[in-house]
Amino acid sequence: KPQLVASNDRFCRFLEEYCPVVTETYYPTIWCWEGRVQTLLRPFITSRPQVQYRNELIKTADGGQISLDWFDNNDSLSYPDASTRPTVLLLPGLTGTSKESYILHMIHQSETLGYRCVVFNNRGIAGEDLLTPRTYCAANTEDLEAVIHHVHSLHPSAPFMAAGVSMGGMLLLNYLGKTGRDTPLMAAAIFSAGWNVFESVESLEKPLNWLLFNYYLTTCLQSSISRHRQMLEKLFDMDLVMKARTVREFDKQFTSVMFGYRTIDDYYEDASPCRKLKSVGIPVLCLNSVDDVFSPGHAIPVETAKQNANVALVLTSCGGHIGFLEGIWPRKCTYMDRVFKQFVQAVFEHGNKIFSM
């Protein structure tokens with residue numbers, strides 16, 4: 001049974017009534033219960049629902065561009081009026097895009113409820129060109145702020161919330177910690193966020209974890225920028241960046257330098273959402289598994305969460321990183337998908353019961 005951590009009794013009762021999945025026993029798939037196995041197998045096991053996107057490129061203040069993928073859900077029977085159709089902004093993980101299976105499943109869940117979705121693809125990662133020598137990081141929220149403002153300005157009468165996965169969740173938490181109540185978002189859902197980047201990279205540098213995850217993730221990061229090498233060579237020694245063998249080395253040579261941090265430790269401190277959790281000003285539900293090697297259980301800020309009435313943590317003992325597989329053959333719906341669906345529906349259909357908290 002998951003551990004539900006929330007200091008606000010009203011928020012707890014709200015979740016128990018309208019998002020009961022957080023109080024149900026989670027039974028991980030019996031043949032892949034270990035966290036690393038769940039993490040490795042999920043992308044291969046889970047299905048990929050068909051989604052037709054409408055792409056939009058928006059310009060940023062510094063001359064760059066951001067790719068948004070819209071699922072308008074114009075066939076929505078529950079919300080035929082597009083101006084008031086609830087909207088979910090989705091933030092994928094570190095090198096993820098709108099094509100990730102977990103994003104496609106969130107959109108499928110939203111479609112059945114009649115909601116619209118828009119996926120925020122980080123700069124330069126979804127096939128669009130980099131117009132400036134700048135990509136993205138977990139600490140800098142400027143692009144996310146621009147996207148939230150843009151989406152809200154298009155549909156100012158539509159209920160609006162966001163969901164972030166892994167680094168997308170970290171970015172969303174850092175944004176919420178910065179803005180407090182001053183955001184058009186009603187609420188947010190966070191899945192498998194890395195709460196403390198120092199602890200995350202240390203965990204990923206353990207020999208087996210480096211072999212299974214760290215090296216591959218580093219090559220994915222390098223691959224995501226290699227297409228833009230000509231633009232980035234204006235500011236970076238790309239040969240040195242391409243020699244990185246860990247995420248920490250990549251961040252030291254590239255990410256921290258790009259965003260003007262004096263040291264990599266300064267960047268990791270700024271990127272860690274645990275330091276901003278106390279300032280979150282809207283209802284946030286965060287799902288983590290304590291066996292997630294990307295976000296070790298001991299680094300989850302349980303005590304800090306108890307000090308903010310807007311925050312609820314749901315902690316499972318198994319599930320890995322964006323895993324949460326359940327059932328004998330877990331192709332379709334994961335525990336994470338069910339938490340997403342029930343919480344989003346709870347916010348849009350019954351949110352007035354927590355907004356008076």
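# Questions on a predicted fold

Biologist: Where is the place of Gln50?
Modeller: The model is a predicted one. In that model, Gln50 falls in the loop between α2 and β2.

Biologist: Is Gln50 buried, partly exposed or exposed?
Modeller: Its relative accessibility is 75%. A residue over 50% belongs to the exposed class, so Gln50 counts as exposed.

Biologist: How far apart are the C-alpha atoms of Gln50 and Lys99?
Modeller: Along the chain, Gln50 and Lys99 are 49 residues apart. The separation of their C-alpha atoms is 9.9 Å.

Biologist: What is the order of the strands in the open sheet?
Modeller: The sheet is open, has nine strands and shows mixed pairing. Its edge strands are β1 (3–5) and β2 (54–59), each of which pairs on one side only. Neighbouring strands are turned against each other by 20 degrees on average, direction ignored. The order is β1-β9-β8-β7-β6-β4-β5-β3-β2.

Biologist: How many residues of β6 are buried?
Modeller: Strand β6 comprises residues 160–165 and is mostly covered. In a regular strand, side chains alternate between the two faces of the sheet. Here Phe160, Ala162 and Gly164 point one way, Met161, Ala163 and Val165 point the other way, and all are buried. The count of buried residues in β6 is therefore six of six.

Biologist: Which residue in β7 is the bridge partner of Gly164?
Modeller: Strand β7 (residues 188–191) runs parallel to β6, and four bridges join the two. Within β7, the partner of Gly164 is Ile190.

Biologist: In which sense do β4 and β6 pair, parallel or antiparallel?
Modeller: Strand β4 covers residues 87–91, and five bridges link it to β6. The sense of the pairing between β4 and β6 is parallel.

Biologist: Which residue in β5 does Thr87 stand opposite?
Modeller: Strand β5 (residues 116–121) runs parallel to β4 and is joined to it by four bridges. The residue in β5 that faces Thr87 is Arg116.

Biologist: What angle does the direction of α4 make with that of β3?
Modeller: Helix α4 (residues 142–154) packs on the sheet and touches β2, β3 (65–71), β4, β5 and β6. Its direction and that of β3 make an angle of about 45 degrees.

Biologist: At what angle does α13 run to β6?
Modeller: Helix α13 (residues 335–350) lies across β4, β6, β7, β8 and β9 (311–316). Relative to β6, helix α13 runs at about 165 degrees.

Biologist: Are α7 and α10 roughly parallel or roughly antiparallel to each other?
Modeller: Helix α7 (residues 207–226) and helix α10 (residues 247–258) have axes 8 Å apart, at an angle of about 30 degrees. Angles under 35 degrees belong to the roughly parallel class. The two helices α7 and α10 are therefore roughly parallel.

Biologist: How many charged residues does the contact of α7 with α10 have?
Modeller: From α7, Asn214, Leu217, Thr218, Leu221, Gln222 and Ile225 take part, and they meet Val247, Phe250 and Phe254 in α10. By class, six residues of this contact are nonpolar and three are polar. The number of charged residues in the contact of α7 with α10 is none.

Biologist: Which backbone nitrogen does the side chain of Thr29 reach at 3.3 Å?
Modeller: Thr29 is found in the loop between α1 (9–18) and α2 (35–45), and it counts as buried because its relative accessibility is 0%. Beyond four places in sequence, Thr29 touches Gln38, Leu325, Glu326, Gly327, Ile328 and Pro330. Its side chain reaches, at 3.3 Å, the backbone nitrogen of Glu326.

Biologist: Is Val290 buried, partly exposed or exposed?
Modeller: Val290 has its place in the loop between β8 (284–289) and α12 (302–305). Its contacts beyond four places in sequence are Gly297, Ile300, Leu315, Thr316 and Ser317. With a relative accessibility of 39%, Val290 counts as partly exposed.

Biologist: What is the phi of Asn73?
Modeller: Most residues other than glycine have a negative phi. Asn73 lies in the loop between β3 and β4 and is buried, with a relative accessible area of 7%. Its phi is positive, near 55 degrees.

Biologist: What is the phi of Ile322?
Modeller: Ile322 is located in the loop between β9 and α13. At 6% relative accessibility, Ile322 counts as buried. Its phi is a positive value, near 50 degrees.

Terms used. Residues numbered from 1 in each chain as written. Predicted model: local features only at pLDDT ≥ 70, side-chain atom pairs only at ≥ 80, totals over all residues. Heavy atoms only, no water. Buried < 20%, exposed > 50% of the residue type's maximum accessible area, 1.4 Å probe, protein only. Polar contact = N/O pair within 3.5 Å; in protein donor to acceptor, adjacent residues only side chain to side chain. Contact = heavy atoms within 4.5 Å. Axes fitted to C-alpha atoms, helices over the stretch in contact; angles between N-to-C directions. Parallel < 35°, antiparallel > 145°, perpendicular 65-115°, else oblique. Nonpolar A, V, L, I, M, F, W, Y, C, P; charged D, E, K, R; others polar. Pairing = 2+ DSSP bridges.
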